[in-house]
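Here are a few quick notes on helix packing, for you to read alongside the model.

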Amino acid sequence: MVRKTVLPLLLAVLLLTQAPTAQAAGVIVYIDGQRLSGAYLANDTTMVPLRSFCAALSPGCTVSWDSASRTAYVNAKGLSITAECGSEYITANGRYLYVGQNSYISGSGVFMLPVRALAKAFDAKVSWDPASFSASVSSGSGAIKSGDAFYDPDAVFWLSRIISAEARGESLQGQIAVGNVVMNRVNSPNYPDSIYGVIFDDNGGVQFTPVANGTVYDAPTKLAVIAAKLVLDGADVVGGCMYFLNEALATSFWIVENCSYVMTIGNHSFYA
C-alpha cells in the first residue's frame, strides 16, 4: 500500500482464433509512404499483420511460427522479436514492449499486433492523422536498442522489488499499475527524482508499507521483473495516478478522502 505522502496466413485450428473485443474498423497504414494491406482499428488500437508489417520494414526478414506455443519468431538485421499470441507483451532484443489485450489471431488466421509496439521494435516512428484516419510509419535504424544497453540495472532492481512486495499475486496489469505510480512520483517535482528515492521517501512518514515491514528487500517474482521492464519501456495503464491502496487492508483512508478516484485493478484502487 502507498500512503499519503516462414507465420502461416491461415491456421487450421479455429480454436486459436481470438477476436478483438470491439468491432474492427477500417484504418489506413502507410510504411515509408507505401500502403500496408490488412490493417484495422480494434479497441481503439491500430492493428497490423505481423508478417507483412515486418517484411515491409525489413525485406528479407524471416517469420516463423510455433503452433504448439502459438509463438511467432522474427529475425531481421540486428533484431530478434518473440511474440506469443494472447500475451500482454512482446520481446524485442531483450526489451519488453506492452501490447495489453491486443495480441490475437484474426478470423482469417493472421497474427495481429498493435502498430506502435511493432514499430518501436524496429526503431520506427508512428504518426496518426485523424483527418484521413491513417497511421504513417517512418523507418529508423531498423532495430531497437538491446535490453542490456537500455535498462538501468539499479532501476530494475528497485522497481521490481517494490512491485513484487506491493502487488505479488496481482495480474500483470495490476503490477504495471503499481510501477506507474512509482514512476509518476519520480517524474513529479514533489517527490525524489529516483526510483530508490521515491520508494524510501519518508517525507510525512513512510510512503510504502513494504519499506516499513522489510518485504521490499525480498527477491522479486519473475512477473514483477517483467512488469518493471515494461514500465521502464513505457507501459502505462493508470495515467497520472500518484496513489494506490488496498482498501481491504488499509488502516488510513486519507487517499480516499482527499484524492480523485481513477480505477480499480485487482485489489488496488488508484487515485490521482
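This is a predicted model: local features need pLDDT of at least 70, side-chain atom pairs count only at pLDDT 80 or more; totals for chains, interfaces and linings use all residues.

1. Residues are numbered from 1 along each chain as its sequence is written, and side-chain values use heavy atoms, leaving out hydrogens and water.

2. Start with H5 (residues 172–186) and H8 (residues 222–232): their axes lie 9 Å apart at an angle of about 50 degrees. That makes H5 oblique to H8 (under 35 degrees is roughly parallel, over 145 roughly antiparallel, 65 to 115 roughly perpendicular, the rest oblique). H5 passes H8 in a right-handed crossing (the near helix is turned clockwise from the far one by less than a right angle).

3. Who touches whom here? On the H5 side it is Leu172, Gln175, Ile176, Gly179, Asn180 and Met183, and on the H8 side Leu223, Ala224, Ala227, Leu230, Val231 and Leu232 (contact means heavy atoms within 4.5 Å). By class, this H5–H8 contact has 9 nonpolar, 3 polar and no charged residues.

4. Now H4 (residues 153–167), which packs on H8 at about 120 degrees with the axes 8 Å apart. That makes H4 oblique to H8, and the crossing of H4 and H8 is right-handed.

5. From H4, Ala155, Val156, Leu159, Ser160, Ile163 and Ser164 meet Ala224, Val225, Ala227, Ala228, Lys229, Val231 and Leu232 of H8. The H4–H8 contact divides into 10 nonpolar, 2 polar and 1 charged residues.

Conventions:
Axes are lines fitted to C-alpha atoms, for helices over the stretch in contact, and angles run from 0 to 180 degrees between N-to-C directions. Helices (H or I, at least four residues) and strands (E, at least two) are DSSP runs, numbered from the N terminus. Ala, Val, Leu, Ile, Met, Phe, Trp, Tyr, Cys and Pro count as nonpolar, Asp, Glu, Lys and Arg as charged, and the others, Gly among them, as polar.
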